[in-house]
Amino acid sequence: MAKVTVSKLAKLFPPPVKGGDVVRAITNIDFEVDGNVFVSIVGPSGCGKSTLLNILSGVDTPTSGSVTVTEAGKPAKLGYVFQDARLLPWRSVMDNMMYVRDDDSEESVANAAKYLSMVGLDHTHEMFPGQLSGGMQQRVGIARAFSVEPDLLLMDEPFSHLDAMTARSLRDHLQELWSRTRKTVLFVTHDVMEAVQLSDRIIVLAPGGVIYDDLSIDLPHPRKASDPKVATLQAEILGQFENMQVPAVQ
Amino acid sequence: MTTLIQEVEPEPDSTLKRWILSDRGATLTAAFLFLVMWQLLTLFAPRVPNPWAVVKIMWIELSGGDYGSVRKGEFWNHYAATLQRYAYGLAIGFTAGVLVGALIGASNIARALISDTVLVLLALPAFVWAFLTTMWFGIGWQAPVLTVAFTAFPFVAVNVAQGVRAITPDLRHMSTAFGVTSVKRFRHLILAGITGYVFAGLRFAMIVSWNGVLLSEWFNGQVGVGFRTRFWFDANRYPGFLGWVISFIIFVVALDRLVLTKLQARAFRWRNSGDELDKDLLATVG
């Protein structure tokens, strides 16, 4: 059960052109996530969603402020599902699973195989990523992230590059996996419907990387996209977005 | 208006046509046509030795005899000397190429500083190195070894640099996010990522540098395939000259086809795997 604390976090990038303004990706945000919850971070493109995950995972560093990700007071173990699968193309599916694991024991291999089986990829162990479709590659990415048994799972728009049918199928796979494992998840998306279907809580980021809203979704899991309650809630949230006024930067 | 097109079942290709169009058939057919054209050429150009004369003199070189005062076993002595120089030169050029290529691939500063120099070296033909090394080192083993090394080096460096650049920042970020150890990263991310490019570089290096060792031995050798080639050239015996050159070409091509091509194909099998997308599997698992 991971605890995420984000405090006065800011991230600036150098001006893209000489003499231009610095790019404010995240501006002094504070939030906390505690427990086995599925939290979505929603917002338009360029509002700092992916930057936030990169800072949480240690891939990027903040300009100011701090983030802590702990599990029972110790640094938490992370899993990450990216926008694209990010598999080593020269390694087989099973080798990709083992690449991120701490040991190569038989138990570890069996565990990796179990997660591949959960996403319906039993017969792909010896195949290379190039032999799989985009959806299958992304399923390997999801299985890989779950298989390290993370305390905190970071997911950065994992279905945005996929067609609607595949994305829908993978959302169902994800809900099933999450229901079984109940990990703490931070899920970045620009798709409100996706966020409502999957999350217990939605943090809305506005352009400039400020928190616009923080909503609780009180519906039982698993949810179907076709569920009228999901659709109604989605419409309500989208209605709020139409009136989005970005708070003044302090 | 409706046009009725009658469906005609295509006739299967003949067995001979299928054999000629196969890889092995095409190779053997090309070799046969080459021999026929060579034989025809000798009818119009009397100073071009015919294939049989070349085979005959090379058999004498190989088995011993009195033609050209060759003692039995001398063929292998010449070959061993050349192969040793070739191997040492390739080892030096390969090692330097891997190191410099990795540097160019990994560092923008190194790329800015060195890549143009490597491109210039890439454009220098082997015979220039054969001349230069002979002038610098005189008669001895250094000139042929360094000719091969200088010729091979840029081909390996360029390919390895390309391989290192193929390891995208995304994959490095993924490794960081999952906390993958440095040892695992080196083995599975870097080494495995560049292996195919290393073999590609080595193949190019071998193919372009073989003539360097022969030329260098031609200029300054006391022993070796190049020296022996010059011996027959000076003796005005063109079958011997041509036989030695062809024998070394056959050796390099055989080494390439039987060993390096297969190793490279194995190292790059992941890259070709997309062409063999398993449609049955896709249908099964969605």
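In which strand of chain A does A:Val39 lie? A:Val39 lies in strand β3, residues 38-42 of chain A. Strands (E, at least two residues) and helices (H or I, at least four) are DSSP runs, numbered from the N terminus. This is a predicted model, in which local features need pLDDT of at least 70, side-chain atom pairs count only at pLDDT 80 or more, and totals for chains, interfaces and linings use all residues. Residues are numbered from 1 along each chain as its sequence is written, while chains are lettered from A and ligands numbered from 1 in the order in which they are written.

Stay with A:Val39 for a moment. A:Val39 counts as buried because 22 other C-beta atoms lie within 10 Å. The cut-offs are these: a residue is buried with 20 or more other C-beta atoms within 10 Å of its own, exposed with 12 or fewer, and partly exposed in between, with C-beta atoms placed from the backbone. Along the sequence, A:Val39 and A:Val185 are 146 residues apart. In space, their C-alpha atoms are 5.9 Å apart. Leaving out residues up to four places away in sequence, A:Val39 touches several residues, including A:Val33, A:Val185, A:Phe187 and A:Ile203. Here, touching means contact: two C-beta atoms, placed from the backbone, lie within 7 Å.

Now compare A:Pro75. This residue is found in strand β5, residues 74-75 of chain A. A:Pro75 has 13 C-beta neighbours inside 10 Å, so it counts as partly exposed. Apart from neighbours within four places in sequence, A:Pro75 is in contact with A:Val69 and A:Thr70. A:Asp227 is 152 residues from A:Pro75 along the chain, and their C-alpha atoms are separated by 38 Å.

How confident is the predictor about chain A? Chain A has a mean pLDDT of 88, and 97% of its residues reach 70 or more. Among the elements of chain A, helix α2 (residues 93-99) has the highest mean, 96. Helix α7 (residues 228-242) of chain A has the lowest, 83.

Next come some backbone details. Most residues other than glycine have a negative phi, and most peptide bonds are trans. A:Asn28 is not a glycine, yet its phi is positive, about 45 degrees. A:Asn28 lies in strand β2, residues 23-34 of chain A. With 16 other C-beta atoms within 10 Å, A:Asn28 is partly exposed. The peptide bond from A:His221 to A:Pro222 is cis, with omega near -10 degrees. A:Pro222 sits in the loop between β10 (210-216) and α7 of chain A.

Turn to chain B. Chain B has 13 helices and zero strands. Of its 286 residues, 33% are buried. Among contacts in chain B with a separation of 6 or more, 73% join residues 24 or more positions apart.

Look at helix α6 of chain B, residues 126-137. This helix has twelve residues and reaches 16 Å from first C-alpha to last, close to the 16 Å expected at 1.5 Å a residue. The expected span is 1.5 Å times one less than the number of residues. Which residues of α6(B) are buried? They are B:Ala126, B:Trp129, B:Ala130, B:Thr133 and B:Thr134. These residues cover an arc of only 130 degrees around the axis, so they lie on the same side of α6(B). The arc is that of the directions from the helix axis to the C-beta atoms. The buried residues of α6(B) pack against α7 and α9 of chain B. The face turned away from the buried side of α6(B) carries the exposed residues B:Met135 and B:Trp136. Just after α6(B), B:Gly138 takes a positive phi of about 70 degrees.

Then follow helix α7 of chain B, residues 142-166. It has 25 residues, and 20 of them are buried. A kink of about 30 degrees lies at B:Ala152, shortly before the proline B:Pro154. The bend at a residue is the angle between axes fitted to the seven residues ending there and the seven starting there.

Finally, see where the chains meet. In this pairing, 23 residues of chain B are in contact with 23 residues of chain A. On the chain B side, α8(B) gives the largest share, six residues.

How values were computed: pLDDT = per-residue confidence, 0-100.
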